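Me: I am new to this structure and would like to learn how to read it. Please take me through it one feature at a time.

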Amino acid sequence: MRNSPTVDEQLDMLGRMVAVRHLEERLGELHKAGKTRGPIHRCDGQEAVGIGATAMLDDEDLLTSTHRGHAHYVGKGVGLHPIVAEILGRATGACAGRAGHMLIADVKKGLLGGNAIVGGGIPAATGFAVSLQMKNRADGGQRVAMCIFGDGAAQTGICHESMNIAALWTLPVIFVLEHNQYGLTAHHSTQSSVPDLSVRAAGYGMPSEIVDGNDIVAVHRAVGAAVERARRGEGPSLIEAKTYRMVGFSTSDVGGYQRDEDLALWRERDPIVLARAMLADSVPAERLDAVMAAARAEVDAAVEQALNDPLPSFADHAPSAPYTVAGA
Amino acid sequence: MAMMRYAEALRSALREEMQRDPSVWLMGEDIAVYGGVFKVSKDLMAEFGPERVRDTPISEQTLTAMAVTAAMAGTRPVLEIMYADFLPLSVDALMNQASIYNYIWNGQVTMPFVLRTQGGGGAGAGAQHSKSLDALVAHIPGLKVVAPATAADAKGLLKAAIRDDHPVIFLEHKLLYNTRDEVPDGDHLVEIGKARIARAGSDVSIIASSKMVVDALKAADELAKEGISAEVVDLRTLRPLDRETIKASIARTHHAVVVNEGWRFCGYAAELSATIMESCFDELDAPVERVATHDIPIPYSEPLESTVLPDAAKIAAAARRALA
């Protein structure tokens with residue numbers, strides 16, 4: 001099928017999903033051990049969206065993420081060590097310890113970046129798309145911007161404003177709605193007047209598609225078509241990927257609001273299990289085991305290295321222009 | 001030198017920078033076909049086309065956020081927000097987005113955008129179209145904030161703002177657009193962060209910006225008739241603040257009146273007062289006098305509005321108190 005990933009691409013995506021899952025398992029342990037600061041927002045069960053949606057992007061394509069962005073970071077190609085080191089507050093982190101886990105950016109990889117104001121990435125990607133459109137028209141390039149955002153962010157006013165402008169100006173931007181069913185603790189049925197948010201695209205004259213967000217091949221196919229459309233200069237699309245957050249909002253969440261039957265149902269549909277099963281006929285089990293083991297080992301090595309990295313000092317990284325620190 | 005209206009000087013700055021640099025583009029409500037409600041971008045769409053001079057929907061929050069990231073991705077947007085009263089809609093993009101990225105991302109990005117807006121009272125425009133929100137934006141780290149009082153500075157500072165690699169909030173005043181003065185010919189640039197002495201004096205320093213400079217100069221004329229020599233410091237840039245020019249002036253006069261058209265409580269004048277106390281307390285012969293807008297919504301009817309806003313008489317009275 002059109003935009004279907006090759007076996008090698010599927011293996012690469014499987015490895016990245018496993019890396020994200022293991023990264024978050026390790027971050028959970030590190031958080032409990034007091035090695036991280038602030039909350040950690042895990043995306044267990046949602047990995048196929050972040051990895052599948054970003055797999056066809058180049059470094060010159062610009063991605064905006066959320067406060068729950070580990071899969072987006074890894075999907076866009078940011079190294080595991082700079083991610084872990086940033087979350088551990090090290091000088092070697094992707095942002096030298098200034099950003100933390102919710103705000104990671106890597107300009108060389110086109111990740112700009114995590115955003116912990118819910119909905120903030122939506123106008124951000126739209127603004128990127130204006131500049132990319134002007135550059136594309138000047139040099140014949142095909143750069144696109146992508147925004148991955150949640151069902152909570154879809155309820156913001158800036159989501160409406162951005163989608164209107166993106167369609168009005170035929171901007172090369174892809175809106176990937178990672179519908180994980182919850183805004184913090186509130187189920188989407190208490191937040192949205194319609195169950196399928198993709199219907200809103202019609203109000204902007206924008207094409208949309210609903211896709212199984214736990215099926216990485218389906219995500220890759222649908223988002224890939226939207227990316228191609230944007231690259232051709234035909235404007236924005238909305239892809240709604242239905243998934244489920246198998247963990248609490250963050251490490252501070254005490255739970256009690258997710259239904260056991262929902263959790264059991266979605267656990268059956270774990271995107272990593274599904275991705276592996278889809279490769280079972282074409283790739284020997286030993287190779288699949290090896291890919292998954294290598295991903296975990298890479299995470300463990302990144303964690304070990306980062307734990308031994310130095311912490312930053314304010315003086316060594318003093319703010320420069322345009323910041324002015326009076327009295328400091 | 002050429003006599004020019006403040007609005008014409010701004011337009012001339014936009015036009016010259018767009019001619020010089022193809023990455024400069026404009027967006028805002030009613031700025032393209034109509035040329036802006038204050039006509040600052042008149043005829044620019046005809047010259048530069050609709051891609052570089054864009055009319056937008058009424059979506060200030062999103063437009064401001066888009067200016068931040070468009071700038072990050074290699075172009076130089078100049079966003080017009082029609083009234084400073086609409087800046088609260090822009091504040092998330094300024095405070096949670098533009099403010100943080102250069103520092104939080106360890107210098108990986110710059111954001112060369114300009115947000116132009118206009119504020120101020122005196123036109124009977126009512127509580128949602130008359131405010132001066134200098135303090136709201138000057139409070140935010142990582143932003144530069146300029147507020148020119150003359151046509152020459154309007155042109156020179158706007159050209160400098162467009163060339164700056166960091167966000168600049170450019171505060172105009174609705175009652176200044178039709179004021180005229182001499183603007184230097186050629187590529188006239190005014191450095192951001194430098195105040196100027198608008199009138200030299202020896203008895204008291206009146207420190208002001210934007211239209212308050214005009215009122216301060218009128219006050220200085222009145223005070224001169226009483227034998228009081230007032231120096232008027234035109235800040236031109238609100239952030240970063242030119243502390244040196246303020247200190248040097250107070251070292252000459254030993255008395256200070258700080259003026260700002262924003263609300264008094266937690267206002268920009270309070271920052272000026274605190275700065276003077278911190279940096280030149282020993283030079284002062286009297287407490288700093290503060291002139292600002294009453295802490296109420298700006299009312300519509302003329303006698304009500306003029307009571308609430310600062311003016312030349314109030315500034316002169318403050319100078320007399322300082323010298324009493």
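Reply: This is a predicted model. Begin with burial: in chain A, 53% of the 328 residues count as buried.

Me: What radius of gyration does chain A have, and what would a compact globule have?

Reply: A compact globule of 328 residues would have a radius of gyration near 20 Å; chain A has 19 Å, so the two agree. Along the principal axes, the C-alpha atoms of chain A fill a box of roughly 55 × 50 × 40 Å. Chain A contains 10 helices and nine strands. Among its contacts with a separation of 6 or more, 76% join residues 24 or more positions apart.

Me: How do I read a pair of packed helices?

Reply: Two packed helices are described by the angle and the distance between their axes. In chain B, take α8 (residues 243–253) and α9 (residues 268–280): their axes come within 10 Å and cross at roughly 70°. Angles of 65 to 115 degrees count as roughly perpendicular, and α8(B) and α9(B) are therefore roughly perpendicular to each other. The crossing is right-handed.

Me: Which residues of α8(B) and α9(B) meet?

Reply: From α8(B) come B:Arg243, B:Ile246, B:Lys247, B:Ile250 and B:Ala251; from α9(B), B:Thr275, B:Ile276, B:Ser279 and B:Cys280. By class, this contact has five nonpolar, two polar and two charged residues.

Me: How many residues does each chain bring to the contact between A and B?

Reply: Chain B brings 30 residues and chain A brings 33. On the chain B side, α3 (60–72) and α4 (87–104) each supply at least two residues. The most come from α3(B), with nine. That side of chain B has 14 nonpolar, 13 polar and three charged residues.

Definitions and conventions: Residues are numbered from 1 along each chain as its sequence is written. Chains are lettered from A and ligands numbered from 1 in the order in which they are written. This is a predicted model: local features need pLDDT of at least 70, side-chain atom pairs count only at pLDDT 80 or more; totals for chains, interfaces and linings use all residues. Two residues are in contact if their C-beta atoms, placed from the backbone, lie within 7 Å. Helices (H or I, at least four residues) and strands (E, at least two) are DSSP runs, numbered from the N terminus. Ala, Val, Leu, Ile, Met, Phe, Trp, Tyr, Cys and Pro count as nonpolar, Asp, Glu, Lys and Arg as charged, and the others, Gly among them, as polar. The radius of gyration is taken over C-alpha atoms; the globule rule is 2.2 Å times the number of residues to the power 0.38. A residue is buried if 20 or more other C-beta atoms lie within 10 Å of its own, exposed if 12 or fewer, and partly exposed in between; C-beta atoms are placed from the backbone. Axes are lines fitted to C-alpha atoms, for helices over the stretch in contact, and angles run from 0 to 180 degrees between N-to-C directions. Angles under 35 degrees count as roughly parallel, over 145 as roughly antiparallel, 65 to 115 as roughly perpendicular and the rest as oblique. A crossing is left-handed if the near helix is turned anticlockwise from the far one by less than a right angle, and right-handed if clockwise.
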